[in-house]
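Morning, everyone. I have one structure to walk through today. Let me put it up.

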Amino acid sequence: MTRLYNQPADFAGELTEGFVAANRDKVRLVDGGVVRSTQTPKGEVALVIGGGTGHYPAFCGLVGQGLAHGAAMGNLFASPSAKQIYTVAKAADNGGGVILSFGNYAGDVLHFGMAKARLNDEGIRCELIAVTDDISSASVDELEKRRGIAGDLTVFKATAAAAAAGYDFDEVLEVAKRANLRTRSIGVAFSGCTLPGADHPLFEVASGKMALGMGIHGEPGITDVAIPTADDLAEMLVEKLLADLPDDIPDFKGARAVVLLNGLGSVKYEELFVVYRRVSQLLEERNISIVEPEVGELVTSFDMAGISLTLFWLDDELEFFWHAPASTPAFNKGSPLREIPLEDTVAVADQHAEVSTASDASKQSARCFLGALKAAQSVVLGNVEELGRIDAIAGDGDHGIGMERGINAAVERATQLVDKQYGTGSLLIEAGDAWADKAGGTSGALWGVALSALGTAVGDEESPDARTVAKGVAMALNNISQVGKAQLGDKTMLDALAPFSEALSNAVNNGAELEEAWHQAADVAKQSADATADLVPKIGRARPLAEKSVGTPDPGAVSLALIVKAVGNFITRTKSLAA
Ligand code: ADP
Ligand code: MG
């Protein structure tokens with residue numbers, strides 16, 4: 001959906017004006033598109049690129065030193081006219097002839113071809129390079145019929161770098177052809193795009209499906225399949241590309257390739273990185289060296305949801321040209337800053353490898369504490385949504401998922417450490433670290449503090465008794481207050497933890513067994529957590545929307561009450577935790 005426009009018909013022209021206004025140091029407006037606003041040496045072969053508008057950073061974003069000399073810009077998804085291309089080419093020509101390069105689409109071929117004829121008539125040397133990287137659009141026997149997608153970039157880059165290196169026209173043309181033959185891409189689409197002013201998408205993909213090989217303007221793909229996981233998609237794309245090698249790459253083992261993982265418009269960079277993670281693993285497993293990859297939006301299709309993967313198979317010369325510097329509004333390479341790679345870091349030794357020196361009793365009770373953590377885990381997992389819901393009323397809604405991440409990490413770490421014969425104290429400290437690392441958020445940090453405090457109080461010497469546990473809980477309360485700086489009544493987890501700790505200590509001091517004392521205290525925690533509904537938050541993320549929170553209990557207090565209740569039930573079931 002495109003939301004911001006004036007008159008739909010003015011969109012392409014207005015975005016060009018704005019683009020130029022924002023990038024005057026690199027480009028200037030001419031009839032039909034843009035050219036460099038910086039000097040190019042006389043006689044240098046000019047690369048003029050172009051195509052429809054709506055594919056930013058293609059094409060205008062790629063004009064500047066080290067890349068294109070000019071870009072002809074058509075209307076939305078429409079080829080520029082022959083006249084537009086001609087005018088841009090005339091403005092970009094430095095006396096060395098012009099190479100016109102564009103994605104291989106019928107309209108573009110026609111208009112760029114006519115522009116070429118016109119330039120030739122005037123005695124300006126001109127040749128066409130229609131980029132044909134999309135392997136899904138025609139078989140390998142009909143390379144010349146393939147469409148151009150994100151592989152435009154590698155072809156443009158190699159061509160322009162050859163021109164900048166002073167190659168003559170024929171040499172630049174040969175580099176361009178070779179780069180095109182060695183660039184292979186495949187894309188998928190999850191949904192179509194909606195042009196400014198349109199009330200429905202230009203094309204659609206059935207919901208939950210993915211069109212494998214669909215073109216950037218909705219050209220039909222190979223098949224529709226259910227949307228796979230990120231890893232499965234990475235595998236699918238890599239396999240297809242490795243089955244479509246350029247003739248002069250007989251075997252990919254030991255080959256070097258630039259990898260582009262391109263987002264088509266509304267796939268998040270974060271998602272792209274998840275996919276790229278697997279792509280890079282797969283290529284490395286096959287002994288392919290990845291050279292200066294790009295992950296991001298390189299050729300888009302408005303707000304289309306989709307991605308494409310490109311492999312640009314290098315030889316020494318093409319690799320040199322890929323590394324060459326470029327400075328354009330959307331694509332930069334090389335930095336004037338000195339960037340000297342760090343030495344590979346020595347692998348950090350596994351700090352948990354040693355078997356701890358805990359007493360047998362402490363090792364034994366470590367198993368009980370692991371059981372208690374698991375009981376906490378199951379109650380948290382059963383309440384993720386509810387905790388998120390109450391956090392969303394005045395906070396940011398992440399309390400459930402934060403607690404989930406935290407307790408999962410704590411259980412995972414504690415499970416490993418039980419196997420390594422850790423004592424209870426060290427196990428709790430480590431589990432607290434794992435919780436804080438993974439949970440994020442305020443409550444994650446505070447739960448980390450709480451488990452560390454408990455672990456410190458309990459130690460690795462003895463199996464903790466009721467008094468030690470109560471002391472540990474009091475220490476957890478103390479440390480959370482110090483770190484979080486909340487006061488009682490501020491509407492935080494402290495408003496459940498403080499009464500819990502007090503009730504636990506009182507009951508134990510009055511001679512109660514741990515099981516009984518814990519249950520009494522857990523009931524107090526539950527009442528106190530419920531009572532936070534009446535409070536107005538004075539600290540934390542809920543404070544700015546304080547009034548909204550009245551009537552809803554504090555999420556951190558609620559989760560604490562749920563956890564201590566579940567641990568109480570665990571103690572009753574197993575009659576253990578502490579001696
Ligand atoms: P975030 O607030 O960072 O999104 P969560 O949503 O996981 O973290 O946790 C929110 C809970 O953290 C609150 O409901 C409250 O109980 C607790 N909390 C926030 N700030 C403090 C603080 N300074 N001291 C004690 N508890 C706090
Ligand atoms: Mg939150």
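Ground rules come before anything else. This is a predicted model, so local features need pLDDT of at least 70 and side-chain atom pairs count only at pLDDT 80 or more, while totals for chains, interfaces and linings use all residues. Residues are numbered from 1 along each chain as its sequence is written, chains are lettered from A and ligands numbered from 1 in the order in which they are written, and side-chain values use heavy atoms, with hydrogens and water left out.

The metal, then. Which residues coordinate the magnesium ion, ligand 2? They are D391, D396 and D398, each through OD, at 2.0 to 2.2 Å. A donor here is an N, O or S atom within 2.8 Å of the metal (3.2 Å for Na, K and Ca); water is not among the atoms, so sites may look incomplete. Along the sequence, the donor residues are spaced D-x4-D-x1-D. D391 is buried, at 10% relative accessible area. D398 is partly exposed, at 25%. Buried means under 20% relative accessible area, exposed over 50%, and partly exposed in between, with a 1.4 Å probe and protein chains only.

Pockets next. The search runs on a 1 Å grid over the protein atoms alone: a cavity is a set of points where a 1.4 Å probe fits but cannot get out, a pocket is an open set with protein on both sides within 12 Å along at least five of seven lines, and lining residues have an atom within 4 Å of a point. Grid points are joined across faces, edges and corners, and volume is the space filled by probe spheres set on the points.

The largest pocket has a volume of about 650 Å³. Its lining has 36 residues, and T442, S443, G540, R541 and D554 lie nearest the centre. Elements giving two or more residues to that lining are α10 (384–394), α11 (399–419), α13 (441–458), α14 (466–484) and α18 (555–574). Helices (H or I, at least four residues) and strands (E, at least two) are DSSP runs, numbered from the N terminus. The largest share, 5 residues, comes from α13. By class, the lining has 15 nonpolar, 14 polar and 7 charged residues. For those classes, Ala, Val, Leu, Ile, Met, Phe, Trp, Tyr, Cys and Pro are nonpolar; Asp, Glu, Lys and Arg are charged; the others, Gly among them, are polar.

The second largest pocket has a volume of about 290 Å³. It is lined by 18 residues, with L15, G54, H55, Y56 and F302 nearest its centre. β3 gives the most, 3 residues.

Because 12 of its 16 residues are buried, α15 is largely enclosed by the rest of the structure. The cover includes α14, α16 (514–531) and α18.

Over to strand β12, residues 305–313, which holds T310. T310 is buried, at 0% relative accessible area. Among the residues it touches are D133, T183 and R184, where contact means heavy atoms within 4.5 Å.

K491, in the loop between α14 and α15, has phi near 70 degrees. K491 is buried, at 3%. Q421 has a phi of about 65 degrees but counts as partly exposed, at 34%.

How values were computed:
Lists of a residue's contacts leave out its neighbours within four places in sequence.
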